[in-house]
Amino acid sequence: MFRTMRKFRRAAGATAVLAALALTAGACAGEDSAAAGGSSSEIHIGAWLPLTGATATYGVAEKAGADAYFKMINAQGGINGRKIRWTVKDNAADPQQTVQIARELVGQDKVVAIVNANGTAQAEAAFPFVLTQSKVPVLNEVGGAQSWYKPPRPGLFGTQTLYEDQASAIAAWAVQDGAKKILVVHSDPAAFVNVAEQVEPVAKKIDPSVEVDRLPVKYQTTDYTPVISKVKAAKTQAVVLILTSPEAAAFLKEAKLQGLSLPTYAYAPVAAESTVSLAKDAAEGLKAVQLVKAPSDQDPAVQEFRAAMAKYEPGQSAGFLALWGWSNAKVFAQIAKTVTGPVTSQSLTAAYQKASDVDPGVSPVMRFSAGNHIGTRSVQRVVVKNGVWTSVGDFYTPPPRD
């Protein structure tokens, strides 16, 4: 009996030691995981993108552009000797899928940051787990809302000019071109309405005599015959389109069919190759704002993009959406390069807060600080000329909305 008790105590003691060792090993593994991607050989980052579903054209193109940049940088030796590993997962533009993907990227893949992901509602759904619980930064998200940055959220940094500022830029452009009566044609969901409402205040700030009206259209409408009839009846001097690319193309085609010829302006989602391919010659002269320079430009930075796409992503279109991905990847790489020591979630966040002059060449210079987490308010004006989007002038900062 005594010998049995001694054996039991020894076994219990051994079990306790093993348990302690397991806890220690687990803690060490957790510490290593937290620094994963910040090793001397690799920076592991992740993203959710819509690679299937209704908005797959955005995700596939953005992924191709960022992939081309990361492959090019890795071929050149990486960032301070570290190769970039970018793990991308398909969220099909679904918020709930995004939450699950976020848990996989952070909890299983141990990424140090979410970089160049896509979607406003999708990111919002993942913020509580990624930003608040896990303290993993979300960098250069495609999408966004003013509420993300006023006040700035810890760990969240954006490179995309807000839709509200895009509307300001369009309003200023139309008024500067001499329009005294502007009609904003917009889809009816709240997100489109919010952007459309930003046109009038800026237009009137520039010229108080300007009249601005709005014409809501059922989301994903394909028959624009009655819409163009209403535009004609409004006797407007300029039209602003806050629509999706297919809707904008349908508007332009019907306008041409009905003989309506008016100066027409649009925000960045309309300034896409798909608008021109769908509307064909009806898109000629369309004016819009974009987040990047036109992919057809002869600017050296844009030429580098086209060459990298041809080399690393052959068969993929070197259009605006791919250039978005390329630009965001380049901004990340330039800021990550300033990190001394391990590249972790914490060091990346600190680096972004100090990144005051980041020039990706293809998009505006980005300036961040502890109190400013949105890198730019500027846009590029573009116009369809001879069936191709062409840049007009340099990057432009619209008048403030407040």
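Close-up 1. With 53% relative accessibility, Lys135 counts as exposed; buried means under 20% relative accessible area, exposed over 50%, and partly exposed in between (1.4 Å probe, protein chains only). Lys135 sits in the loop between α4 and β4, where helices (H or I, at least four residues) and strands (E, at least two) are DSSP runs numbered from the N terminus. Its phi is near 60 degrees, a positive value in a residue other than glycine. This is a predicted model, so local features need pLDDT of at least 70 and side-chain atom pairs count only at pLDDT 80 or more, while totals for chains, interfaces and linings use all residues. Residues are numbered from 1 along each chain as its sequence is written, and side-chain values use heavy atoms, with hydrogens and water left out.

Close-up 2. Asn116 isn't a glycine either, yet has a positive phi of about 60 degrees. You'll find Asn116 in the loop between β3 (114-115) and α4, and at 0% relative accessibility it counts as buried. Over in the loop between β4 and β5 is Pro151, joined to Lys150 by a cis peptide bond with omega about -5 degrees. For background, most residues other than glycine have a negative phi, and most peptide bonds are trans.

**Close-up 3. Helix α11 packing against α2.** Helix α2 (residues 56-75) and helix α11 (residues 300-312) pack at about 90 degrees, with their axes 9 Å apart. Axes here are lines fitted to C-alpha atoms, for helices over the stretch in contact, and angles run from 0 to 180 degrees between N-to-C directions. That makes α2 and α11 roughly perpendicular; under 35 degrees counts as roughly parallel, over 145 as roughly antiparallel, 65 to 115 as roughly perpendicular and the rest as oblique. Ala64, Gly65, Ala68, Lys71, Met72 and Ala75 of α2 meet Glu304, Ala308, Met309 and Tyr312 of α11, contact meaning heavy atoms within 4.5 Å.

**Close-up 4. Helix α11 packing against α12.** The axes of α11 and α12 come within 11 Å and cross at roughly 105 degrees, so these two are roughly perpendicular. From α11 come Glu304, Phe305, Ala308 and Met309, and from α12 come Ala322, Leu323, Trp326 and Lys330.

**Close-up 5. Helices α3 and α4 side by side in contact.** Helix α3 (residues 95-108) and helix α4 (residues 120-133) pack at about 40 degrees, axes 8 Å apart, which makes α3 oblique to α4. The contact residues include Val99, Ala102 and Val106 of α3 and Ala125, Phe129 and Val130 of α4.

Close-up 6. In helix α13 (residues 345-353), the buried residues are Ser345, Ser347, Leu348, Thr349, Ala351 and Tyr352, and they pack against β4 (138-139), β5 (156-157) and α12.

**Close-up 7. Leu278 and its contacts.** Leu278 lies in helix α10 (residues 273-279) and, at 40% relative accessibility, counts as partly exposed. Leaving aside residues up to four places away in sequence, Leu278 touches Pro246, Ala249 and Lys253.
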